[in-house]
Amino acid sequence: MYTNEASPKFEGSNLKEWEVNECYQMKGKKQKISNQSETCPHQARTESDAHVGGQTFMWITENNPTDSKTGHGLLEFIVSPANLNAAYKQVTSNKGAAGVDNMEVDSLRDYLLNRKEELITSILQGKYRPNPVRRVEIPKDNGSKRMLGIPTVIDRLIQQAISQALTPLYEAGFSPNSYGFRPARNAHQALLKSRNHITEGYTYAVDLDLEKFFDTVNHSRLVELLSRRVDDGRVVSLIHRYLNAGIRIGEHYEPGELGVPQGGPLSPLLSNVMLDELDKELERRGHRFARYADDVIVFCRSKRGAERVMGSLVPFIEQKLRLKVNKEKSRVVPARSVKFLGYSFYRKKGLGRLRIHPKSAMKMKAKIKELTCRGNGWGNERRKEELRQYIIGWVHYFKLADMGSLLQKVDEWYRRRLRMVIWKQWKRIRTRLANLIKLGVNKSKAWEWANTRKGYWYTANSYILATSLTNDRLRQAGYAFLSDYYKKVHVKT
């Protein structure tokens, strides 16, 4: 099934795409590249460490994972066939964008066939050097940009293997109030827990905002925390090399001095390791709280008590964890004013309830407006499918919220947009006339509206289109509606 033959060496001309402005040598020293045609000169680096190095394991088969004994340490378990096979499956199923080497996930299997032994050997000997991550910016709700770091497919494979090995080691010790990036835990559980705190009378909230958390994690502090639990120093060293791998932005290279780049399989676990210290401190003080990744909300009975909590937590976070609290966005407010995971809270008859936050509703309407825009060049079938997928996904996430009346109003606006799209598609007078008659409009009225000079948005709200392009006909045509799906999945609590 697999070969032990060494793969052919790559010539220097094949390495040009890997040129960077700066790179780390094995001992961590920086070396500038004076000529753009030179490659990154890592000393004591095997071919498997090179940016072009592709490695895999022919015993990694999607339906028949095999096992072999490679040693007794944690690092040996990480590179064991069974663990790497599971990592391979996960990485290929996740798909994702290419890293700095431009290698796609679909090419992983074929590309790695000849490099398995070199990869394992270089990892076990401590010689493997991760590639820089590729910087990608995505917009956030507040208008700013979220910085993602996309590792190469090979590095995603190794990170996934490390994460699989460390998750069981840490999971049992994590706080029950932590819900992000953990097995069998999700945002809905965090929201229900928060709602229960409000029902119990904790109606004020300390809304903590950790400023650019993933970009500002202190490496020394994180490595210290890892070393407490991970006995195999080689694993900690490998993780440290990933932290120091740096970032490629176009042709520019930035060394990794702070932060855990979002986008890799290992980053969620490392974020929980870092913030578990905060969880333990809050538990030690007896606070009611919920945390999902870097979103933390602490519930208190009074405004004065919440202010005391805020005053004591900020120094702990900044001095002990070496993270930065955004003091402008962190605040003490009634729980009803908090936005947590897209939801907000309120009380009804003494019980805590969940509702959709206004910003989440605005974002949803903006997305539907985008999907119902004729400028995207979509046909009707694709538009229906895109709308259906978005609506089902959105409602499924927000199904805990009390928002029946809100969605009915949104659906009215949404149907008007659909009628406008359809009216625009009936460009010609004769097309409009024929279609209106088919839909049951009498000929004289159909002729009148076929010749109207009213605007599209105005016409979409007219009596003629409302009674011809009815709600039921739109449903029959295959359009999904928010309120319809909400009635099916809403959790009444």
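Mentor: In this predicted model, a search of the whole structure finds 25 salt bridges. Side chains of opposite charge can pair when their charged atoms come close. One of these pairs consists of Arg234 and Glu76, whose side chains meet at 2.7 Å, N to O. Arg234 belongs to helix 9 (residues 233-243) and Glu76 to helix 1 (residues 74-78), so the pair links distant parts of the chain, 158 residues apart. Glu76 counts as buried, because its relative accessibility of 12% is under 20%. Arg234, at 34%, counts as partly exposed.

A further salt bridge joins Asp207 to Arg331, with 3.9 Å between the closest N and O atoms. Asp207 lies in strand 5 (residues 204-209) and Arg331 in strand 10, so this pair ties together parts that are 124 residues apart in sequence. Here Asp207 is buried, with a relative accessible area of 16%, while Arg331 is partly exposed at 35%.

Arg284 is exposed, with a relative accessible area of 62%, whereas Glu281 is buried at 11%.

Finally, salt bridges can also be joined into a network, as they are for Arg221, Glu224, Arg228 and Glu277.

Methods: Residues numbered from 1 in each chain as written. Predicted model: local features only at pLDDT ≥ 70, side-chain atom pairs only at ≥ 80, totals over all residues. Heavy atoms only, no water. Salt bridge = Lys/Arg side-chain N within 4 Å of Asp/Glu carboxyl O. Helix = DSSP H or I, 4+ residues; strand = E, 2+ residues; numbered from the N terminus. Buried < 20%, exposed > 50% of the residue type's maximum accessible area, 1.4 Å probe, protein only.
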